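Q: Could you take a close look at one part of this model for me? I'd like the local picture first, then how that part sits in the rest.

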Amino acid sequence: MTSRTQTRTTAPPTDLFREGMVKEMPNLRAFAISLCGNVTQADDLVQETLLKAWSNAQSFETGSNLRAWMFTILRNTYFSIYRRKGREVQDSDGIYANRIATAAPQESAVEMQEFRVALAKLSEEHREALLLVGASGFSYEEAAEVSGVAVGTVKSRVNRARAKLAVLLGITGPEDIGSGQISDAVVKRFDGSGLA
Amino acid sequence: MTAEGEDKNADGKPLRPAKRLGAKGANFALAPVVNATIGRRLEAHYRALTDEPLPDRFMVLLAELRAKEVKK
């Protein structure tokens, strides 16, 4: 987009910085896909983030949190440019669900598909908070910095996101764990499979 | 960022029953087993995504950017 700096007065990004960026890519991309629910758009978003991060490398303080810095760029780009309409992910049915293989053998494919559809139904703010804290490995404080809101707001959003997911997935108590709304056959297969 | 100083008491630990969430907070707490199930599915969802091979274009972009730096 337009924010690239054309001139640089300081040293170019170091190999260490570059390696750090590469290391964050999988997590960053998983966040982007989960946030916008569309792999193509998510990859554009990551590409744009890499470009901005590289172009603004001189503003990154060596030794500070590169992951948080890159996530901040990505979410700001998303919320200022990519988000067009509505509060829900646009194509929450086909989406990436069919493109991404389920890599977790203890979770059924049905459960994972169900989870993705439910995740897409959360508001963007709730989804963002849940992803940052529950999946990307940020503390509440770091997530608050990334999102530019108070820590209490992050906590509230995460709590609400979980509650909404519990409703959408039909998980209301111990007796429902592992079932959700999936078929009895699947329940039986996955019943009692070491739920923490 | 605006978060500094707005919630000094926050400790960043996993959610407990929502004691300090104040007016904006959700005034409830999910059963731990429900939270654990959601957490487990979220992690499985993420793991599937992070295990995916990355598109080539990211590394291509970085290589191009570095090549430009070298030319300068």
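A: Let's start with helix H5 of chain A, residues 124-134, which is mostly covered: nine of its 11 residues are buried. Helices here are DSSP runs of H or I with at least four residues, strands are runs of E with at least two, and both are numbered from the N terminus. "Buried" means that 20 or more other C-beta atoms lie within 10 Å of the residue's own; 12 or fewer makes it exposed, anything in between is partly exposed, and the C-beta atoms are placed from the backbone. The buried set in H5(A) runs through His126(A), Arg127(A), Glu128(A), Ala129(A), Leu130(A), Leu131(A), Leu132(A), Val133(A) and Gly134(A).

Before going further, a word on the source: this is a predicted model, where local features need pLDDT of at least 70 and side-chain atom pairs count only at pLDDT 80 or more, while totals for chains, interfaces and linings use all residues. Residues are numbered from 1 along each chain as its sequence is written, with chains lettered from A and ligands numbered from 1 in the order in which they are written.

Now for H5's packing partner, helix H4 of chain A (residues 109-121). Buried in H4(A) are Glu111(A), Met112(A), Phe115(A), Arg116(A), Ala118(A), Leu119(A) and Ala120(A). Those residues pack against H1, H5 and helix H7 (151-168) of chain A, and also against helix H1 (32-50) of chain B. Contact here means C-beta atoms, placed from the backbone, within 7 Å of each other. The length of H4(A) checks out too: its 13 residues should span 18 Å at 1.5 Å a residue, and the end C-alpha atoms are 19 Å apart, which agrees. That expected span is 1.5 Å times one less than the number of residues.

Zooming out, chain A has eight helices and zero strands, and 44% of its 196 residues are buried. Chain B has two helices and zero strands, with 19% of its 72 residues counted as buried.

Chain A is assigned domain 1 (11-85) and domain 2 (102-196), with bounds from an automatic or database domain assignment. Between them, 11 residues of domain 1 touch 12 residues of domain 2. On the domain 1 side, helix H1 (15-36) and helix H3 (66-82) of chain A each supply at least two residues. Thr77(A) is found in that helix H3, and it counts as buried because it has 21 C-beta neighbours inside 10 Å.

Technical notes. Two residues are in contact if their C-beta atoms, placed from the backbone, lie within 7 Å.
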